[in-house]
Structures are given as C-alpha cells and as structure tokens.
Amino acid sequence: MSAAVRVELTWPRHNVVVVGEQRYFGLERDGAVHLIASRCPHRGGPLHLGEVEGNGLRCPWHGNSFRVDRLCTRGVSTVQRGPHVIAYLPDGGADPVATNTMVLAQ
Ligand code: FES
C-alpha cells in the first residue's frame with residue numbers, strides 16, 4: 001500500500017494542488033468537486049489546460065477528448081465542508097501546495 005498525503009483546498013480560491021511532480025485540478029460536477037490528475041492518458045499533456053466541450057474534455061496537446069464523467073469517476077474522492085475540499089493523494093515526496101492557477105477545464 002502506497003503512502004497518502006492529506007490535502008485541503010479552499011474552493012474555488014485554490015483550484016490546483018501540486019504534490020511532488022503531480023498536479024491535480026478541481027473539476028466541479030453535479031455540486032461535487034473532483035480532483036483530477038492533470039496528466040493526459042495519451043502522452044501526459046496538461047489536462048487542466050484542456051477545454052470542456054459538452055461532455056468531453058479536450059486535451060490541448062493532440063486534441064483527444066475524454067468524457068468528463070469518466071475522468072470524475074477516476075478522479076480522487078473528496079470530502080467537502082463548506083469551502084474546504086479535503087482529499088488524500090498519493091505521496092509525491094514533497095509537501096502538497098494548493099494554488100490558484102489558470103484552469104480552463106472547469
Ligand atoms: S497528450 Fe493529450 S491528446 Fe496527446
């Protein structure tokens with residue numbers, strides 16, 4: 001079992017969290033915030049810079065589209081308490097950093 005690290009974001013002020021080399025972005029769907037790894041399954045493109053078109057999220061690198069509902073299903077489960085979004089992410093070997101960065105995939 002791999003180690004996990006607790007992260008807490010103040011949503012929507014913090015829409016991204018970086019843990020080591022991995023970046024996760026928040027995607028709000030049906031009132032719940034999902035944390036999605038910003039790494040395209042094709043070649044690792046930055047999904048947080050993709051665009052939501054209908055039910056799909058289009059990766060900015062090669063244009064593949066991924067169903068948002070599936071991304072959310074594969075995303076990290078969160079618990080929301082007011083504006084706080086809490087999750088446990090794989091430990092990336094560094095303290096998690098919650099930030100606000102340009103995210104198009106919202
Ligand atoms: S890296 Fe995302 S479509 Fe190629």
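Six bridges join strand 3 to strand 4, and the two strands run antiparallel. Strands here are DSSP runs of E with at least two residues, helices are runs of H or I with at least four residues, and both are numbered from the N terminus; two strands pair if DSSP finds at least two bridges between them. The model is a predicted one, in which local features need pLDDT of at least 70, side-chain atom pairs count only at pLDDT 80 or more, and totals for chains, interfaces and linings use all residues. Residues are numbered from 1 along each chain as its sequence is written.

Asp30 lies in the loop between strand 3 (22–29) and strand 4 (32–37). Its phi is positive although Asp30 is not a glycine. Most residues other than glycine have a negative phi, and most peptide bonds are trans. Asp30 counts as exposed because it has 7 C-beta neighbours inside 10 Å. The classes rest on the number of other C-beta atoms within 10 Å of the residue's own, with C-beta atoms placed from the backbone: 20 or more for buried, 12 or fewer for exposed, and partly exposed in between.

Strand 2 is joined to strand 3 by four bridges, and the two run antiparallel. Val17 is placed in strand 2, and its bridge partner in strand 3 is Tyr24. Val17 counts as buried because 23 C-beta neighbours lie inside 10 Å. Leaving aside neighbours within four places in sequence, Val17 is in contact with Val7, Leu9, Tyr24, Pro96, Val97 and Ala98, where contact requires C-beta atoms, placed from the backbone, within 7 Å. Val17 and Arg70 are 53 residues apart in sequence, and their C-alpha atoms are 20 Å apart in space.

Pro12 lies in the loop between strand 1 (4–10) and strand 2 (16–19). The peptide bond between Trp11 and Pro12 is cis, with omega about 5°.

A further open sheet has three strands in the order 5-6-7, with antiparallel pairing. Its edge strands are strand 5 (51–53) and strand 7 (65–67), each pairing on one side only. Neighbouring strands of this sheet are turned by 35° against each other on average, direction ignored. Three bridges join strand 6 (residues 56–58) to strand 7, and these strands run antiparallel. In this pairing Arg58 stands opposite Ser65 of strand 7.

In an unreviewed entry, UniProt lists residues 2–97 as "domain: Rieske"; UniProt positions are given in the numbering used here, feature names are shortened, and annotations may be inferred rather than shown by experiment. Over residues 2–97 the chain is 7% helix and 47% strand, and the end C-alpha atoms are 20 Å apart.

Technical notes
Two residues are in contact if their C-beta atoms, placed from the backbone, lie within 7 Å. Axes are lines fitted to C-alpha atoms, for helices over the stretch in contact, and angles run from 0 to 180 degrees between N-to-C directions.
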